[in-house]
Amino acid sequence: FMLGLRPLGRLFWGKAGPGSLKFFSNGKAKAPIPFTVVSEKLLFKNFRSIWEQQVIVNNQTINFDVVGVKHDAVFIFPYDTKTKTVDLIQEYHPGPRKVLLGLPAGMYDPQKHDSLLQAAQHELSEEARLTSDHW
């Protein structure tokens, strides 16, 4: 069940304003899919929070459990221009209970970092043991 998404081939996503999502296929905008958030209830709050959200999409009422954090996150794509390679990390993921390959990533904490860039630099160093002179 696809929540009113249309198969589009190559997919790009972008915001279309409050109450709608706009999808792009091969760089061309498709008509926004309207939705309405009917209700939202906070179920759990700690480092991560969980909300129960009820949404109407294409005349269907759908319930979601939304997991969020209070700060922004950073993801680093460590591409080496000389070797034309990307460094991935192995990291345990508690949801699937597996060690998976992925990109270095982490949370931006304004009490710890001066900027998103500084958070990205810290995460690259901490998780991948890498540094860069070019950002």
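How many nonpolar, polar and charged residues does the lining of the largest pocket have? By class, there are 7 nonpolar, 4 polar and 4 charged residues in that lining. The structure discussed here is a predicted model.

## Confidence

Mean pLDDT for the chain is 78, with 77% of the residues at 70 or more. Among the elements, helix H1 (residues 116–128) has the highest mean pLDDT, 93. The lowest mean, 40, belongs to strand E1 (residues 11–15).

Over residues 1–23, pLDDT stays under 50. Where pLDDT is low, the predicted coordinates should not be read in detail.

The largest pocket has a volume of about 440 Å³. It is lined by 15 residues, and those closest to its centre are Tyr79, Asp80, Thr81, Thr131 and Ser132.

The second largest pocket has a volume of about 330 Å³. Its lining consists of 15 residues, with Arg48, Phe75, Ala105, Gly106 and Met107 nearest the centre. By class, 9 of the lining residues are nonpolar, 3 polar and 3 charged. Strand E7 (73–75), E10, E11 and strand E12 (105–107) each supply at least two residues of this lining. E12 gives the most, with 3 residues.

## The E10–E11 hairpin

Two of the strands that contribute to the second largest pocket, E10 and E11, also form a hairpin with 4 residues between them. Strand E10 covers residues 89–93 and strand E11 residues 98–102, and they pair in the antiparallel sense over 5 bridges. Within this pairing, Gln90 stands opposite Leu101 in E11. The turn includes Arg97, which has a positive phi of about 60°.

Most residues other than glycine have a negative phi. Lys84 has a positive phi of about 55° although it is not a glycine. This residue sits in the loop between strand E8 (79–80) and strand E9 (85–86). Is Lys84 buried or exposed? With a relative accessible area of 62%, Lys84 is exposed.

Arg129, also not a glycine, has a positive phi of about 55°. Its place is in the segment after H1. Arg129 counts as exposed because its relative accessibility is 68%, and the cut-off for exposed is over 50%.

Conventions
Residues are numbered from 1 along each chain as its sequence is written. This is a predicted model: local features need pLDDT of at least 70, side-chain atom pairs count only at pLDDT 80 or more; totals for chains, interfaces and linings use all residues. Side-chain values use heavy atoms; hydrogens and water are left out. pLDDT is the predictor's confidence in each residue, from 0 to 100. Contact means heavy atoms within 4.5 Å. Buried means under 20% relative accessible area, exposed over 50%, partly exposed in between (1.4 Å probe, protein chains only). Two strands pair if DSSP finds at least two bridges between them. On a 1 Å grid over the protein atoms alone, a cavity is a set of points where a 1.4 Å probe fits but cannot get out, and a pocket is an open set with protein on both sides within 12 Å along at least five of seven lines; lining residues have an atom within 4 Å of a point. Grid points are joined across faces, edges and corners, and a volume is the space filled by probe spheres set on the points. Ala, Val, Leu, Ile, Met, Phe, Trp, Tyr, Cys and Pro count as nonpolar, Asp, Glu, Lys and Arg as charged, and the others, Gly among them, as polar.
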